[in-house]
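Here is a short report on a structure with more than one part to look at. Take a moment with the sequence and the 3D view before reading on.

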Amino acid sequence: MTREQFISYVEASQEAFRRFLLALCCGNHALADDIAQESYIKAYLASDRLTEPEKFNSWLRQIGYNTFINQARALKASTDLDAAADIPASEITDGAFQYEALYAALRRMPDKERTAVILFYIDDYPIKKIADIVGASQSAVKQHLSRGRAHLRGLLTK
Amino acid sequence: MDDDKIKDILKGYRPELTPDFRFMASLERKMEAVEYVKQEMRALRRRNKIAMAVATVAGFVMGALTTLLAPLVTGWASTSSLAIPSTDIAIDLNFLIYITAALVSALSAYNAYEITLARLGRRQNL
């Protein structure tokens with residue numbers, strides 16, 4: 001894949017991918033953008049191994065998910081992810097409050113449940129693709145999804 | 001709260017992101033840096049390959065020369081005052097020749113490798 005081709009893929013995918021990561025990072029813009037950039041660089045370096053370009057988006061999410069898990073582990077070692085998510089992101093004055101309740105609920109969910117819920121509801125991925133992305137079986141993903149939905153329902157109702 | 005409400009919240013998730021142009025500019029800068037590192041690695045691998053080839057040839061040539069010249073040197077040594085005095089210790093002359101040839105070959109290969117690498121590096125920096 002040439003650099004120009006890769007950039008065109010990035011331009012087409014970056015908005016949805018960053019949204020996915022922002023939800024995964026529970027509203028921490030800086031962390032989500034860092035993971036997005038790192039994931040794209042990893043994807044660029046490994047782009048020769050991508051044999052089916054139509055699978056770019058799910059492949060990218062797989063890289064993003066793994067990068068997120070690694071970052072979360074590193075963050076947990078140094079600080080708490082919840083505390084990191086509370087760091088105010090400069091320039092984003094939006095709508096951040098609009099999703100505060102959702103982010104607070106997502107923050108209280110385990111990573112696997114959160115990922116399954118985000119990929120299924122926000123990104124519209126089928127169970128099989130989610131299983132490929134997170135590296136779990138389809139039944140495990142269904143379980144994460146069902147538990148995540150119940151968790152989210154409980155947390156948002158509070 | 002029912003499932004439909006949760007679905008609606010998640011389906012309607014459209015948060016404001018940092019500006020696209022800033023994200024892309026930062027990513028392209030990083031990609032340029034990666035590209036530079038990749039080019040440097042390619043050049044380094046190429047230089048290493050050339051240096052290895054030169055070292056192999058140099059080692060082989062010097063080893064062959066030493067082996068070919070060995071009978072002349074030993075012949076000259078045995079007739080000159082450098083002849084090894086007779087001792088109780090038996091010295092295998094062939095063994096000495098092979099050891100000398102191997103040492104000369106290894107040293108030549110190492111020097112050729114280092115010199116080639118330095119020259120190619122200097123040429124690239126110019």
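**Chain A**

This is a predicted model. Chain A holds eight helices and zero strands. Read from the N terminus, its elements run α-α-α-α-α-α-α-α. The chain has 158 residues, and 53% of them are buried. Take the contacts in chain A between residues at least 6 apart in sequence: 67% of these join residues at least 24 apart. Chain A exposes about 7600 Å².

**A loop residue**

Now look at Asn28(A). It sits in the loop between helix H1 (3-24) and helix H2 (29-45) of chain A. Is Asn28(A) buried or exposed? Its relative accessibility is 8%, so Asn28(A) counts as buried; the cut-off for buried is under 20%. Which backbone nitrogens does the side chain of Asn28(A) reach? They belong to Ala30(A) and Leu31(A). The table gives the distances.

| Side chain | Backbone nitrogen | Distance |
|---|---|---|
| Asn28(A) | Ala30(A) | 3.3 Å |
| Asn28(A) | Leu31(A) | 3.2 Å |

**Where the chains meet**

Turn to the interface. Chain A gives 35 residues to the contact, and chain B gives 28 residues. Together the two chains bury about 3400 Å². Of this area, 64% is on carbon and sulfur atoms. Which residues of chain B lose the most area to chain A? They are Leu10(B), Tyr13(B) and Phe23(B). Together these three account for 22% of what the chain B side buries.

The interface of chain B and chain A has three salt bridges. One of the salt bridges joins Glu32(B) to Arg3(A). The closest N and O atoms of that pair are 3.5 Å apart.

Which elements of chain B give two or more residues to the side that touches chain A? They are helix H1 (3-11) and helix H2 (20-79) of chain B. The largest share, 13 residues, comes from H2(B). By residue type, the chain B side divides into 13 nonpolar, three polar and twelve charged.

Technical notes
Residues are numbered from 1 along each chain as its sequence is written. Chains are lettered from A and ligands numbered from 1 in the order in which they are written. This is a predicted model: local features need pLDDT of at least 70, side-chain atom pairs count only at pLDDT 80 or more; totals for chains, interfaces and linings use all residues. Side-chain values use heavy atoms; hydrogens and water are left out. Contact means heavy atoms within 4.5 Å. Buried area is the accessible area (1.4 Å probe) that two parts lose on being put together, summed over both. A salt bridge is a side-chain nitrogen of Lys or Arg within 4 Å of a carboxyl oxygen of Asp or Glu. Helices (H or I, at least four residues) and strands (E, at least two) are DSSP runs, numbered from the N terminus. Ala, Val, Leu, Ile, Met, Phe, Trp, Tyr, Cys and Pro count as nonpolar, Asp, Glu, Lys and Arg as charged, and the others, Gly among them, as polar. Buried means under 20% relative accessible area, exposed over 50%, partly exposed in between (1.4 Å probe, protein chains only). Accessible areas come from the Shrake-Rupley method with a 1.4 Å probe; for residues, only the protein chains shown count as cover. A polar contact is a pair of N or O atoms within 3.5 Å; within protein, one must be able to donate a hydrogen and the other to accept it, and residues adjacent in sequence count only if both atoms are side-chain atoms.
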